Each structure stands twice: as structure tokens, then as C-alpha cells.
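This report describes one protein model in terms of its loops, sheets and helix packing. The sequence and structure come first.

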Amino acid sequence: EKVRLRRLNHWLLGLMALLLSILSVASFLYLILFVRRKLYVWRKKSLREVEKQNGRFVVGLFHPYCNSGGGGERVLWCAVKALQDLSPCIDIVIYARRSCRKKEETEDDMLKKAKDRFGIDNLNRESLRFVYLSSESLLKAESFPRLTLLGQSLGSVIVGIEAIYRCSPDVFIDTMGYAFTYPVVYLLSKGSTIATYTHYPTISTDMLQRVYERRPSYNNDAMISNNMVTSVIKYVYYVAFSLLYRFVGGYADLVIVNSSWTKMHIDQLWGINATTVFPPCDVSQFSSKNLPLTERENVIVSLGQFRPEKNHALQLITLQKLKQKIEQRKSESGIEVPKLLLYGGCRDEHDESRVEELRTLASNLDIEDLVEFHLNAPFDELKDALARSLLGIHTMWNEHFGIAPVEILASGVLLCAHNSGGPKMDIISQGTTGFLATDAEEYADTFLQILEKYDKEKRQEIRSAAAESVKRFSQENFLLSFSAATKSIL
């Protein structure tokens, strides 16, 4: 009886294995047919796009989120301007997400937004076209709650396939850092030259180090960092991914990066010597409203989207510590506790939920009456706030560059930023153009020193040095540097 049961189990397991094998093969064949069908549809649509180009030299800019209003989009539209100024014979194609093609926001509206937000004017509309991508949702982190790096990277492969089948350019420039699209362009295009303007590496040696040391952070959950086994698995995953990242990066013919910090990591990861072109910052718009010290308010201003990596919680803890220090010596110094104004964009319900958590934290720290949240504020309101604030704070660890710190400094604000990344390596000279700190104690001590010990002359000296220093990051300098860097591939 036992022998019969064992044989029956053996046959059942064999049958299940056979069925699973058949199902796997069928799924694989279905996937191939599905992809072939998609490619056929995309190819048919792309023929209409190609017909419009009349055999002219085509530069494709891969930037699906082209209608957003962030620093990356400023780079995109300045790059368009630089390329058109460099050669009027170039046709420019922008690969955009399908959701950009809304009835209430036409292509002309997007160009108007670029003019109003970034001051990009006089673009040649006749030589500028948009190619809309239906698979762009695969680029979103929310689509991959686990193995996010790998998921987004593989998702970008699908989006890259669609982009090339809709329109194969002579030069493909990625301005968002999706390196896994490069082999796709190499294999499927008509021999496109591949270039990239990389804002930050998808993975960095700092990320590897943080996982190795089992330090929790926004991208290294405490549930993982507190467990040796999961930490080892994640470290091996990161190492394997970094090797894959090096492989795909090798397909780029021209690599431009936005900062010394990004260059250091890209050079190390890809084994190259990248060209550094600082991103465009509209320094003049902020410096034009630069009020004198006598009209500045006792306010700390913060500028940055409400994303986890911006570490707004550290800003609230800093204010609490500063409040405690001032109250302890109030009879001696007579200075008042400054208010903290948090200006930033909320992209979705996740960001809004994060703001509510920050409000709760402010209440728990007993500083809610000293904190103001300004979400998605109009640009003019933001400039006015910067113009009247005495102090500024920026707390992101390893910010790849830091457009927000540049704008704060250009506004005449005395800024204390995190002692890492772009602010440390490119933007701030400690004590000369601004200040650097690592934790809440250092931030609070820096602000207390400015308020107690720095007289008007010393404060003005730092403001003047900062204003002169940030001229390096002007929009005009970017246009010249980007044109010089890309001239060889056009």
C-alpha cells in the first residue's frame, strides 16, 4: 500500500511538473507574441513620425516627465535651446509620457510653461516634436514596491523599446538617467549615437556602504537593516545590480554629469572620465529680489519637494534643539526663536501623507506654532519668501547637486546645508559662502552662532561671497557648456 501511494505521489508530482512546464512555455510564447504585436503597432505609428522628419538630422531627448516643473525639466528645456542655437538644421524629438497629451494642456501650453517657469523663449516650434509613450507607467517606483531599482530599470527597457520603434533618432540623449535604455537604443536604432546627462547614478558606492553597515534610511528599511540575513541578500543584490549598471553604462558614447559628486561615482561605476556641466539655475531671478539685511525677518526657510530623501524631519528636530538652546540663554542673548517656513511641492497622495506626518512630528516636538507648511506655492510667493528670510536650511544627505541651495544662496539667505554631496563639493565653502552640518546638533549650533555672534558686516560678507560664487551656475553658463560638450556628436 505504501509503495502504491509513493508511486502515485511520484506520478502526481511528475504531472504537476509537466503542467507547469507547459504553462511556462505557453506563457513565454504568449509574451513573445504580445511583444511582437506591440512592436508591430508601435512601428506602424512610428512610420508617420518618421515621415514628418524629411530626412533631417534628428536628436531625440528621452524625458518622459517633460511637463513637470522641476530642476530636471529646466535642464531639458535649456538643452533644447542649446541644441537649436547650435544648429538650426536639427529636428528635435522629445519622448514624453502619454499623460502629457491632455486636452487641457497642449504642446503649445507645455512650451509656454517652459517660458514662464524657466525663461526659455524663442524656441523653433517647427523643428520640435513630441513622441508620446504609452508604457511610461513602468518608470514609476510605485509599480515596483520590492526590488525597485531592478524593476524600474527593466521597465525602462520596455519604454526604451517603444521610444525607438516610434522614432529612431540620429542622436539619442537621455536626460533622466535611465541607463538601461542604452543597449536597447544600440541594438534597435539605425545606429544612433547615445549620450546622457546624468543627474545622479541609479546606484552608488554610498548606497552599498550604507547597506553593508546596516544603517537604516529611506531606501534601506529598518526591517532589512536590522536583520543580518536580509542585509546580506540586499548587499549581494546591490553588488550584482552595480555590475549590470556598469555594463549598460558602457553603451553611452558621451556622458555628461551635473556635479563633482555624480562624476566621482559615475567614473568609478562605469570606468570612464565623464564631462561635468553644472545644471542651469536661474540665479538672476532670485538675486533681483535680494533684500538688504535690515529688511530680513528672523526666519529659517526650506526649499525642496516633500520626498523622503529630503529629510524634513531633521529640520524640525533642528528647530526644536535651537529653541531649547535659545531659551536656555535667553536672558543673556535676547534673541528670539526663528520660525521655520517649509516650501515644497507635493506630487501625489504619498507626499501629502508625508506632510501630515511632519505636522504630527512638529506637534510632538512642541514647535507647531513655529512651523509653516507652504505646499505647491506660486513661484512669486516662493521668491518673496526667500527674499525676506535671514536663514536657510537644506538637509538632504548626498544631494547629487542642489539647485535649491543655489537658489537660496542667490536670494541672499545665509544657508546651512548637509555636509555631503553637491553642497559640500561644488556649492558651499564652509564659513565663506555658507555653512555645512551633519546632524541636528550641528545645524542648531550653526544657526545659534549666526544669530548670536555674527554682526551685520560679517553676515553681509558671507552673502556677497555667496552671490558671486553662484554665478557659476547660471543658465547662460549651462547653454555654453552644454553646447561645447555635445558639439562633437552633432
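D366 lies in the loop between helix 13 (349–364) and strand 10. Helices (H or I, at least four residues) and strands (E, at least two) are DSSP runs, numbered from the N terminus. Phi of D366 is near 65°, a positive value in a residue other than glycine. Most residues other than glycine have a negative phi. N311 also has a positive phi, about 55°, and is not a glycine. N311 is located in the loop between strand 8 and helix 11 (312–328). At 34% relative accessibility, N311 counts as partly exposed. Buried means under 20% relative accessible area, exposed over 50%, and partly exposed in between, with a 1.4 Å probe and protein chains only.

The model is predicted: local features need pLDDT of at least 70, side-chain atom pairs count only at pLDDT 80 or more, and totals for chains, interfaces and linings use all residues. Residues are numbered from 1 along each chain as its sequence is written, and side-chain values use heavy atoms, with hydrogens and water left out.

**Overall content**

The protein has 19 helices and 13 strands. Of its 490 residues, buried ones make up 50%. Among contacts with a separation of 6 or more, 73% are between residues 24 or more positions apart; contact means heavy atoms within 4.5 Å.

Six strands form an open sheet in the order 10-9-8-11-12-13, with parallel pairing. Two strands pair if DSSP finds at least two bridges between them. Strand 10 (371–375) and strand 13 (435–437) stand at the edges with a single partner strand each, so one side of each has no neighbour in the sheet. On average, neighbouring strands of this sheet are turned by 25° against each other, direction ignored. Within the sheet, strand 8 (residues 297–303) pairs with strand 11 (residues 389–394) in the parallel sense over four bridges. S302 stands opposite I393 in strand 11.

Seven strands form another open sheet, in the order 3-2-1-4-5-6-7, and the pairing is parallel. Its edge strands are strand 3 (128–133) and strand 7 (275–276), each pairing on one side only. Strand 4 (residues 171–174) and strand 5 pair in the parallel sense over four bridges. Here F172 stands opposite I194 in strand 5, and I173 stands opposite A195 in strand 5. Strand 5 (residues 193–198) is largely enclosed by the rest of the structure, because five of its six residues are buried.

Helix 9 (residues 260–270) lies across strand 5, strand 6 (254–257) and strand 7, and runs at about 145° to strand 6. Helix 19 lies across strand 5, strand 6 and strand 7 as well, running at about 160° to strand 6. Axes are lines fitted to C-alpha atoms, for helices over the stretch in contact, and angles run from 0 to 180 degrees between N-to-C directions.

**Helix packing**

Two packed helices are described by the angle between their axes and the distance between the axes. Two pairs are listed here.

| Helix pair | Axes come within | Crossing angle |
|---|---|---|
| Helix 2 (residues 71–86) and helix 19 (residues 475–486) | 9 Å | roughly 60° |
| Helix 4 (residues 148–166) and helix 8 (residues 228–249) | 10 Å | roughly 30° |

The angle makes helix 4 and helix 8 roughly parallel to each other. Angles under 35 degrees count as roughly parallel, over 145 as roughly antiparallel, 65 to 115 as roughly perpendicular and the rest as oblique. T148, L149, L150 and S153 in helix 4 meet Y237, Y238 and F241 in helix 8. The residues of this contact divide into five nonpolar, two polar and no charged. Ala, Val, Leu, Ile, Met, Phe, Trp, Tyr, Cys and Pro count as nonpolar, Asp, Glu, Lys and Arg as charged, and the others, Gly among them, as polar.

On the helix 2 side, R74, V75, C78, A79, K81, A82, L83 and L86 meet Q475, F478, L479, F482, S483 and T486 in helix 19. The residues of that contact divide into nine nonpolar, three polar and two charged.

Q84 is found in helix 2 too, and counts as buried at 11% relative accessibility. Leaving aside neighbours within four places in sequence, Q84 is in contact with I92, L123, N124, S127 and L128. The C-alpha atoms of Q84 and L123 are separated by 7.5 Å, although the two residues are 39 residues apart along the chain.
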